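Below is a briefing on one protein chain, grouped by topic. Please read it alongside the sequence and the coordinates.

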Amino acid sequence: MAMDVEAARRVPPKQVIVRVRRYDPEAKRMWWQEYKIEAHRGMTVLDALLKIKEEQDHTLVLRYSCRQGICGSCGMTINGTPRLACQTQLTEVVSEANPVMTVEPLYNFPVIRDLMTDFMDFFNKHRSVKPYLIRKDKEEQESPKGQYDMYPDEYLQTYQYTNCIYCGLCYAACPVVAADPQFLGPQALMYALRFVNDVRDEGWGERFLIVDTEHGCHRCHFAASCSAVCPKAVDPAGAIQALRSKLFRYRLGLYKRRVSKVVGPPPEKGERIQLPPEATLLPGVDLKKLEEEPVVIKLPEE
Ligand code: SF4
Ligand code: SF4
Ligand code: FES
């Protein structure tokens with residue numbers, strides 16, 4: 001759900017009605033509040049909310065930071081769908097025929113106030129899958145002597161998942177999180193695969209144990225609502241399927257993959273990196289091609 005360039009070119013209705021679901025934690029009161037704003041071409045939902053906050057109601061609470069789809073903090077439910085407010089053009093959600101837009105906090109998250117939600121549980125689940133490199137040689141991990149080797153194709157096994165911006169839209173869209181609040185959820189499970197796939201990591205056994213529970217990857221029923229709303233095309237639903245398949249092979253004692261080696265210090269400008277000759281078990285890696293065309297680090301000219 002990246003920024004829709006065509007939508008940014010269109011002109012929204014002159015006047016847009018914004019219906020915001022508000023919450024006052026002191027009074028424990030929830031209510032709908034309606035605002036009318038003058039809209040203009042290129043206006044996002046975040047722009048509209050900030051205009052309301054600046055010109056009509058400074059008590060409206062929301063979270064945002066970068067305004068460009070990077071920090072992941074402006075997630076909210078817009079016309080019933082989890083979206084990033086800064087990446088949603090008004091023209092995507094209102095029209096001349098229907099100039100009314102509803103804005104609510106993200107579902108599946110406790111509400112702190114108005115549109116601001118509590119991410120503590122989400123991040124605790126993320127942390128629970130050990131989202132960091134684990135090496136068996138603890139001494140080497142604490143005091144590294146060099147860098148780990150990694151083929152370009154191996155890097156691509158993790159790249160898509162590293163694009164996650166922790167916005168929680170997938171978690172808000174997941175019907176299983178709604179039914180089972182202990183379910184690890186799409187983001188944490190996707191991140192478990194991100195490190196299982198990383199050839200620099202040796203902690204897959206620990207992670208498989210964490211996700212192989214009644215609230216782990218088996219709870220997912222693959223409706224893929226999580227992937228449909230992800231603004232970074234991470235595809236957590238596909239990641240969970242891949243994780244389950246690898247877990248199944250692990251349980252049968254058939255899971256194995258290459259573990260990268262510690263190689264020399266960082267390369268000098270223009271230096272050719274000698275990759276180790278052993279075969280990799282990852283599919284799609286053409287070792288012969290890599291040997292013929294070694295990776296050359298190109299640094300910018302000074
Ligand atoms: S695919 Fe799984 S994790 Fe994603 S929304 Fe559906 S049940 Fe939730
Ligand atoms: S997987 Fe996508 S939707 Fe989920 S937290 Fe990461 S970026 Fe957001
Ligand atoms: S404000 Fe940072 S992603 Fe929207």
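Asn79 counts as partly exposed, at 34% relative accessibility; buried means under 20% relative accessible area, exposed over 50%, and partly exposed in between, with a 1.4 Å probe and protein chains only. This is a predicted model, in which local features need pLDDT of at least 70 and side-chain atom pairs count only at pLDDT 80 or more, while totals for chains, interfaces and linings use all residues. Residues are numbered from 1 along each chain as its sequence is written, chains are lettered from A and ligands numbered from 1 in the order in which they are written, and side-chain values use heavy atoms, leaving out hydrogens and water.

**Backbone: positive phi**

- Asn79 lies in the loop between strand E3 (75–78) and strand E4 (81–84); helices (H or I, at least four residues) and strands (E, at least two) are DSSP runs, numbered from the N terminus.
- The phi of Asn79 is near 50°, a positive value in a residue other than glycine.
- Most residues other than glycine have a negative phi.
- Lys130, in the loop between H4 and helix H5 (138–142), also has a positive phi, near 60°.
- Lys130 is partly exposed, with a relative accessible area of 25%.

**Whole chain**

- The secondary structure comes to 13 helices and nine strands.
- Of the 302 residues, 43% count as buried.
- The chain exposes about 15700 Å², and carbon and sulfur atoms supply 54% of this area; accessible areas come from the Shrake-Rupley method with a 1.4 Å probe, and for residues only the protein chains shown count as cover.
- Among contacts with a separation of 6 or more, 67% are between residues 24 or more positions apart; contact means heavy atoms within 4.5 Å.

**Aromatic pairs and cluster**

- Rings of Phe, Tyr and Trp (its six-membered ring) pair if their centres lie within 6.5 Å; planes under 30 degrees apart count as stacked, over 60 as edge-to-face and the rest as tilted.
- By this rule there are 14 aromatic pairs.
- One of them is the stacked pair of Phe109 and Phe119, at 4.4 Å centre to centre and 20° between the planes.
- This pair links distant parts of the chain, 10 residues apart: Phe109 is in the loop between strand E5 (100–104) and strand E6 (111–113), and Phe119 is in the loop between strand E7 (116–117) and helix H4 (120–128).
- Phe109 is buried at 6% relative accessible area, and Phe119 is buried at 11%.
- Tyr155 and Tyr159 form a tilted pair, 5.8 Å centre to centre with 55° between the planes.
- Tyr155 and Tyr159 are separated by about one helical turn because they are four residues apart in helix H6.
- One aromatic cluster consists of Phe109, Phe119, Phe122, Phe123, Tyr166, Tyr171, Tyr191 and Phe195.

**Gly168**

- Gly168 sits in the loop between H6 and helix H7 (169–173) and is buried, with a relative accessible area of 2%.
- Leaving aside neighbours within four places in sequence, Gly168 contacts Leu106, Phe109, Phe119 and Phe122.
- Gly168 and Ser73 are 95 residues apart in sequence and 8.7 Å apart in space, C-alpha to C-alpha.

**Charges over rings**

- The charged end of Arg19 sits over the ring of Trp32, 4.8 Å from its centre; the criterion is NZ of Lys or CZ of Arg within 6 Å of the ring centre and within 35 degrees of the ring normal.
- Arg135 lies over the face of Tyr148, 4.2 Å from the ring centre.
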